[in-house]
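Please read these notes with the sequence and the model open beside you.

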Amino acid sequence: MSYMRKKEWSPIIAGLLFACLELMSFYVSSRPLGASRAYAVAGSIVEYVFFPAHAAKVPYWQAYLPYVEWTMALVFGITCGSFISSISSGTFRLRLIPEMWRSSKGGSISKRWFWAFVGGLLVGFGSRMAFGCTLGMLISGVIQLAPAGFIFMMSLWMGGVFATVVFYHLKTSTLKRG
Amino acid sequence: MHDILIRLRDTFDPSTIGYFFGPDSLYGGFIIGAFLGIVLQKGKMCKYGCVSGMFRLWDFTFFRVGTPLLMAGMILIYFFRDAGAINLYLPHTVVLAQLVGGIIFGAGLAISGYCPAIAAGALGEGALDSLPTMAGFVAGSIAYAELFDGSRIDKLFGYTGLGRVSFPDIFLVFNHWFFILAFVVMCAFFLMGITFYDEFLRASFAIIGKAARIVKK
């Protein structure tokens, strides 16, 4: 129990536990971990609830039927687990803007929430195009030695560094403590 | 209004909570997710500064967690598959789709700072700006389904598809442990280098930089 009250674990311990969870997911649920499918199913549910006649005509939703599903339970579980963990270590704090954003883009709440939405839009679109997110494609793909995971890892890094340099106006990638 | 509530109730399938094992069980997903949330939060990964700092080369948490994760995960998965306990579930490899989709995904990740699993963890930790990000994920999925799926570019991407393959299938190597060994050795050196840099060299660089500034004055 004292291990739960620690603010952080060693990165290697966290990585090994993560690998055991991936194995547990394969063994218990006979499918790899994956999170972005939950949001696609949520989109399917939104369309089904508000425009049922239109949703039946979209061919993409045939693979994402509007039923509450394993990945949605996983995402809800992540939220609950993170809440329990942050409460037990005393780091839970409601906040509207992250500190690093404040230092590089200013303290405007509406600006942060707008750009968070735009970034989320790109992430949702890209994850559907690449058949998975960082959890379902990168981690689960690489550990099964699928070429998809390696290609996704490299292109994600390229796109991320390009967007960071353009969006945050970083002249050089300066090395900084903290 | 009444129709909307009835359809909302229809989205829940009661047969998914009857058991624990299997790919449809909601209990299995919830319990694995709860453990995953604890690991993500204790590993200090549910933070905007962690994801954005990775691309700025200020924060190396993801490299230091991800490398042992990939090494150990690869060994565990293939060991248990050879023992016959689990089956692999390979993702589709479509080269152009993963290239272009990965670049779009990375750009969005750098701007918003939350990937789909991290956003859920950040919400549990109290970062409320993950809510518009999650709304963005749903909106992006709808935009893909309505606008992009089945278009000409999508069909063009489809020509580069290889199916559900892994590296041992492509290179016709009959023993996958060669790949795993090469990858693990590479990862071990990377992990040693990045840990050494993060723990020791960065502090010494900072001290040298401060000393140089004092000398200049």
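1. A:Trp157 has a relative accessibility of 32%, so A:Trp157 counts as partly exposed (buried means under 20% relative accessible area, exposed over 50%, partly exposed in between, with a 1.4 Å probe and protein chains only). B:Phe63, by contrast, is buried, with a relative accessible area of 17%.

2. How to read the notes. This is a predicted model, in which local features need pLDDT of at least 70 and side-chain atom pairs count only at pLDDT 80 or more, while totals for chains, interfaces and linings use all residues. Residues are numbered from 1 along each chain as its sequence is written, chains are lettered from A and ligands numbered from 1 in the order in which they are written, and side-chain values use heavy atoms, with hydrogens and water left out.

3. Aromatic pairs. How many aromatic pairs are there over all chains? The count comes to 30 (rings of Phe, Tyr and Trp, the last by its six-membered ring, pair if their centres lie within 6.5 Å; planes under 30 degrees apart count as stacked, over 60 as edge-to-face and the rest as tilted). A:Trp101 and A:Tyr168 make one such pair, edge-to-face, at 6.3 Å centre to centre with 85° between the planes. This pair links distant parts of the chain, 67 residues apart: A:Trp101 is in helix H6 of chain A, and A:Tyr168 is in the segment after helix H9 (147–167) of chain A (helices, H or I with at least four residues, and strands, E with at least two, are DSSP runs numbered from the N terminus). Both A:Trp101 and A:Tyr168 are buried. The rings of A:Trp157 and B:Phe63 have centres 5.9 Å apart and planes at 70°, so this pair is edge-to-face. The pair crosses between chains, from helix H9 of chain A, which holds A:Trp157, to helix H4 (residues 61–82) of chain B, which holds B:Phe63.

4. A cluster of rings. One aromatic cluster takes in A:Tyr60, A:Trp61, A:Tyr64 and A:Phe125 together with B:Tyr144, B:Phe148 and B:Phe157.

5. Charges over rings. A:Lys105 lies over the face of A:Phe167, at 4.4 Å from the ring centre (a charge sits over a ring if NZ of Lys or CZ of Arg is within 6 Å of the ring centre and within 35 degrees of the ring normal). In chain B, the charged end of B:Arg164 sits over the ring of B:Tyr89, 5.3 Å from its centre.

6. Salt bridges. Side chains of opposite charge can pair when their charged atoms come close. Over all chains, the search finds 9 salt bridges (a side-chain nitrogen of Lys or Arg within 4 Å of a carboxyl oxygen of Asp or Glu). One of them joins A:Arg37 and A:Glu69, at 2.8 Å from N to O. A:Arg37 lies in helix H3 (residues 36–50) and A:Glu69 in the loop between helix H4 (52–55) and helix H5 (70–89) of chain A, so the pair ties together parts that are 32 residues apart in sequence. A:Arg37 is partly exposed at 28% relative accessibility, whereas A:Glu69 is buried at 15%.

7. A bridge within chain B. B:Arg81 and B:Asp82 meet in a salt bridge of 3.7 Å, N to O. B:Arg81 is partly exposed at 31% relative accessible area, and B:Asp82 is partly exposed at 42%.

8. A bridge between chains. Which residue of chain A forms a salt bridge with B:Glu125? The partner is A:Arg95, with the closest N and O atoms 3.2 Å apart. B:Glu125 is buried at 2% relative accessible area, and A:Arg95 is buried at 17%. Across the interface of chain B and chain A there are 3 salt bridges.

9. The interface. The contact takes 126 residues from chain B and 125 residues from chain A (contact means heavy atoms within 4.5 Å). The area buried between the two chains is about 11400 Å², and carbon and sulfur atoms give 76% of it (buried area is the accessible area, with a 1.4 Å probe, that two parts lose on being put together, summed over both). B:Lys42, B:Trp58 and B:Ile111 supply 7% of the area that chain B buries against chain A, more than any other three residues.
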